[in-house]
Amino acid sequence: MTVHFIGAGPGAADLLTVRAVNLLRESAVCLYAGTYLDPGVLAHCAPGTELVDTQRLDLDQITGHFVRAHAAGLDVARLCSGDPSLYSALTEQTRRLDAHGVPWDITPGVPAYAAAAAALGTELTVPEVVQSVVLTRTQARSTAMPEAEALANFAATGATLVLHLAITRIRVLAAELIAQYGPNCPVAVVYRASQPEQLALRGTLADIADQVESAGLRQAAVILVGPAMTPSIDCAQSHLYDPARVRAASEKAAGLGSDRAV
């Protein structure tokens with residue numbers, strides 16, 4: 001028996017990996033967070049699968065389901081929003097499983113930030129504009145952030161910032177980021193990326209809070225900040241596709257081919 005931590009992706013039922021779908025079909029028990037999940041994802045489970053919504057359970061109660069399934073010899077699919085490597089409480093859960101001697105594994109999923117970028121038709125790294133992406137969150141009524149990870153420190157790099165779990169603080173965050181990025185820095189907010197309710201907002205640090213509050217967004221939204229968010233941005237050509245580099249590589253390959261033929 002194994003607990004399979006499965007990246008459920010951003011919500012759309014057809015954005016799961018093939019491995020994830022197979023594990024859902026094969027697991028007798030499925031634990032999921034109903035708040036963020038498109039119900040269509042659960043349609044991949046086999047008929048008769050025990051479905052457990054964890055949105056009102058604490059970690060000890062969730063662990064209880066794992067342990068009971070293990071005792072009964074049943075595999076468990078533990079669906080995580082987005083990818084298990086980001087804000088999934090994976091560490092807390094696997095630590096408890098190790099203490100109980102319950103085996104587990106991980107199947108990655110499509111992260112929310114990638115789905116948000118796709119919804120916007122945007123690349124987060126743009127040649128000679130920005131080449132780094134910072135995935136972070138802020139603190140309100142949640143786990144404390146390490147002191148070194150202050151938002152101002154990340155903003156000072158000029159990288160594309162992707163803020164999770166922060167939509168209710170959009171006005172405070174925008175005001176804080178203006179100091180580094182300026183009031184006209186482009187910002188995008190994507191609510192429930194890939195799901196039927198998807199909503200994408202574009203603006204600047206000066207006006208994005210007004211848009212978010214007018215739309216009534218309170219959860220399930222990703223905030224993306226930085227010059228890469230500029231619509232139809234003008235940028236340099238990537239070195240990978242530079243004609244001179246491609247020509248040189250082709251000539252080198254042709255030369256090596258001639259050497260082999262001799």
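Helices and strands are runs assigned by DSSP and numbered from the N terminus. The views below show a predicted model.

**View 1. A8 in the loop between β1 and α1.** The loop that holds A8 runs between strand β1 (3-7) and helix α1 (18-26). A8 is buried, because its relative accessibility is 1% and buried means under 20%. Apart from its neighbours within four places in sequence, A8 is in contact with L16, L37, L79, C80 and G82. P108 is 100 residues away from A8 along the chain, and the C-alpha atoms of the two are 8.4 Å apart.

**View 2. The aromatic pair of F5 and F66.** The model has two aromatic pairs. In the pair of F5 and F66, the ring centres are 6.1 Å apart and the planes meet at 70°, so the pair is edge-to-face; planes over 60 degrees apart count as edge-to-face. F5 belongs to strand β1 and F66 to helix α2 (residues 59-71), so the pair ties together parts 61 residues apart in sequence. F5 is buried, with a relative accessible area of 0%. F66 is buried as well, at 1%.

**View 3. The aromatic pair of F5 and W104.** F5 also pairs with W104, edge-to-face, with 6.4 Å from centre to centre and 85° between the planes. This pair links strand β1, where F5 lies, with strand β5 (residues 104-107), where W104 lies, and the two residues are 99 residues apart. W104 counts as partly exposed because its relative accessibility is 31%, which falls between the limits of 20% and 50%.

**View 4. The cluster of F5, F66 and W104.** Ring pairs join these three residues, F5, F66 and W104, into a cluster.

Definitions and conventions. Residues numbered from 1 in each chain as written. Predicted model: local features only at pLDDT ≥ 70, side-chain atom pairs only at ≥ 80, totals over all residues. Heavy atoms only, no water. Helix = DSSP H or I, 4+ residues; strand = E, 2+ residues; numbered from the N terminus. Buried < 20%, exposed > 50% of the residue type's maximum accessible area, 1.4 Å probe, protein only. Contact = heavy atoms within 4.5 Å. Phe/Tyr/Trp six-rings, centres within 6.5 Å; stacked < 30°, edge-to-face > 60°.
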